[in-house]
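Please have the sequence and the model open while reading.

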Amino acid sequence: MAATHKLFSYGTLQFPEVQRATFGRLLPGEADAIVGYRSEVLTITDPVVIERSGTDRHPILIPGSAQDTVEGTTFLVDDDELAAADEYEVDDYRRVQVPLRSGGQGWVYVLASDDTEAVG
(Lines give C-alpha, C1' and ligand atoms only; values in the text may rest on other atoms or scores of the structure.)
Protein backbone atom coordinates (compact mmCIF):
# COMPACT_ATOMS: atom_id res chain seq x y z
CA MET A 1 0.00 0.00 0.00
CA ALA A 2 1.39 3.40 -0.98
CA ALA A 3 2.08 5.95 1.71
CA THR A 4 -0.07 9.06 1.95
CA HIS A 5 1.66 12.40 2.52
CA LYS A 6 0.38 15.82 3.47
CA LEU A 7 1.67 18.41 0.99
CA PHE A 8 1.08 22.08 1.83
CA SER A 9 0.83 24.46 -1.13
CA TYR A 10 0.78 28.24 -0.95
CA GLY A 11 1.26 28.83 -4.67
CA THR A 12 0.91 27.33 -8.11
CA LEU A 13 0.34 23.71 -6.99
CA GLN A 14 -3.12 24.94 -5.96
CA PHE A 15 -3.98 25.77 -9.61
CA PRO A 16 -6.22 23.10 -11.22
CA GLU A 17 -4.26 23.27 -14.51
CA VAL A 18 -0.95 22.71 -12.66
CA GLN A 19 -2.43 19.76 -10.76
CA ARG A 20 -3.77 18.13 -13.93
CA ALA A 21 -0.42 18.56 -15.73
CA THR A 22 1.67 17.46 -12.73
CA PHE A 23 -0.46 14.73 -11.12
CA GLY A 24 -2.97 13.80 -13.82
CA ARG A 25 -5.87 14.67 -11.51
CA LEU A 26 -7.23 17.31 -9.14
CA LEU A 27 -5.99 16.73 -5.60
CA PRO A 28 -8.28 16.63 -2.58
CA GLY A 29 -7.33 19.42 -0.21
CA GLU A 30 -8.30 21.51 2.79
CA ALA A 31 -7.56 25.16 3.64
CA ASP A 32 -4.63 25.27 6.05
CA ALA A 33 -1.66 27.40 7.09
CA ILE A 34 1.87 27.17 8.39
CA VAL A 35 3.48 29.44 10.97
CA GLY A 36 7.02 30.81 11.11
CA TYR A 37 7.49 31.52 7.40
CA ARG A 38 6.72 34.44 5.13
CA SER A 39 6.14 34.52 1.41
CA GLU A 40 8.28 36.40 -1.11
CA VAL A 41 8.22 36.35 -4.92
CA LEU A 42 10.72 34.43 -7.04
CA THR A 43 11.21 34.90 -10.78
CA ILE A 44 11.75 31.48 -12.35
CA THR A 45 13.13 30.59 -15.78
CA ASP A 46 12.04 26.95 -16.30
CA PRO A 47 9.87 27.05 -19.46
CA VAL A 48 7.86 23.94 -18.52
CA VAL A 49 6.91 25.34 -15.12
CA ILE A 50 6.11 28.74 -16.64
CA GLU A 51 3.88 27.06 -19.25
CA ARG A 52 2.03 24.97 -16.63
CA SER A 53 1.52 27.83 -14.18
CA GLY A 54 1.07 30.65 -16.69
CA THR A 55 3.58 32.88 -14.89
CA ASP A 56 7.29 33.28 -14.20
CA ARG A 57 6.56 34.88 -10.80
CA HIS A 58 6.08 32.25 -8.10
CA PRO A 59 5.76 32.65 -4.34
CA ILE A 60 8.56 31.19 -2.24
CA LEU A 61 8.78 30.75 1.52
CA ILE A 62 11.59 32.06 3.65
CA PRO A 63 11.92 31.66 7.43
CA GLY A 64 10.13 34.39 9.33
CA SER A 65 9.03 35.14 12.86
CA ALA A 66 6.63 33.23 15.06
CA GLN A 67 3.95 35.76 14.09
CA ASP A 68 4.30 35.06 10.35
CA THR A 69 1.59 32.87 8.84
CA VAL A 70 1.22 31.63 5.28
CA GLU A 71 -2.25 30.53 4.16
CA GLY A 72 -2.68 27.78 1.60
CA THR A 73 -4.02 24.28 1.08
CA THR A 74 -2.94 20.90 2.43
CA PHE A 75 -3.29 18.12 -0.14
CA LEU A 76 -3.10 14.37 0.33
CA VAL A 77 -0.67 12.80 -2.16
CA ASP A 78 0.93 9.39 -2.64
CA ASP A 79 4.64 8.61 -3.11
CA ASP A 80 4.50 9.03 -6.90
CA GLU A 81 2.66 12.35 -6.62
CA LEU A 82 5.18 13.64 -4.07
CA ALA A 83 7.95 12.72 -6.52
CA ALA A 84 6.01 14.52 -9.30
CA ALA A 85 5.78 17.63 -7.11
CA ASP A 86 9.55 17.44 -6.55
CA GLU A 87 10.02 17.28 -10.31
CA TYR A 88 7.71 20.26 -10.89
CA GLU A 89 9.46 22.54 -8.40
CA VAL A 90 12.58 24.24 -9.76
CA ASP A 91 15.97 24.01 -8.04
CA ASP A 92 15.33 27.23 -6.10
CA TYR A 93 12.98 25.22 -3.88
CA ARG A 94 13.65 22.41 -1.41
CA ARG A 95 11.07 20.26 0.36
CA VAL A 96 10.97 20.32 4.18
CA GLN A 97 8.49 19.15 6.82
CA VAL A 98 6.69 21.82 8.84
CA PRO A 99 3.94 21.86 11.47
CA LEU A 100 0.49 22.49 9.98
CA ARG A 101 -2.13 24.65 11.68
CA SER A 102 -4.59 21.76 11.17
CA GLY A 103 -2.29 19.45 13.12
CA GLY A 104 0.55 17.11 12.30
CA GLN A 105 3.37 17.65 9.88
CA GLY A 106 3.29 18.35 6.17
CA TRP A 107 5.76 18.79 3.35
CA VAL A 108 6.25 22.27 1.90
CA TYR A 109 8.66 23.84 -0.58
CA VAL A 110 10.85 26.64 0.75
CA LEU A 111 13.81 28.65 -0.52
CA ALA A 112 16.62 26.17 -1.19
CA SER A 113 19.44 28.43 -0.03
CA ASP A 114 20.11 31.44 2.13
CA ASP A 115 20.74 33.46 -1.06
CA THR A 116 17.90 35.97 -0.87
CA GLU A 117 19.14 37.86 -3.95
CA ALA A 118 16.94 35.49 -5.99
CA VAL A 119 13.80 36.87 -4.35
CA GLY A 120 12.32 40.31 -4.18
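Leaving aside neighbours within four places in sequence, which residues is A2 in contact with? They are D78 and D79. The model is predicted, and the points below are grouped by topic.

**Residue A2**
- A2 belongs to the segment before β1.
- With a relative accessible area of 49%, A2 is partly exposed, because exposed would require over 50%.
- Between the C-alpha atoms of A2 and L61 there are 28 Å, and the two residues are 59 apart along the chain.

**Nonpolar core**
- The largest nonpolar core contains 30 residues, and those with the most contacts inside it are Y10, L13, I34, Y37, L61 and V108.
- Two or more residues of this core come from each of β1, α1 (16-23), β3 (37-43), β4, β5 (69-78), α3 (79-88), β6 (93-99) and β7 (105-111).
- β7 gives the largest share, four residues.
- Not counting residues up to four places away in sequence, L13 touches L7, V18, Q19, F23, F75, A85, Y88, E89 and Y109.

**Cavity**
- One cavity of 30 Å³ or more is present in the structure, and the largest cavity holds about 100 Å³ of space.
- Its lining consists of F8, S9, Y10, G11, T12, L13, H58, P59, E89, Y93 and Y109.
- At least two lining residues come from each of β1 (4-9) and β4 (57-63).
- Sorted by class, the lining of the largest cavity comprises six nonpolar, four polar and one charged residues.

Note on methods. Residues numbered from 1 in each chain as written. Predicted model: local features only at pLDDT ≥ 70, side-chain atom pairs only at ≥ 80, totals over all residues. Heavy atoms only, no water. 1 Å grid on protein atoms, 1.4 Å probe; cavity = no way out; pocket = protein on both sides within 12 Å on 5 of 7 lines; lining within 4 Å. Points joined across faces, edges and corners; volume = space filled by probe spheres on them. Nonpolar A, V, L, I, M, F, W, Y, C, P; charged D, E, K, R; others polar. Buried < 20%, exposed > 50% of the residue type's maximum accessible area, 1.4 Å probe, protein only. Contact = heavy atoms within 4.5 Å. Core = buried A, V, L, I, M, F, W, Y, C linked by side-chain atoms within 4.5 Å.
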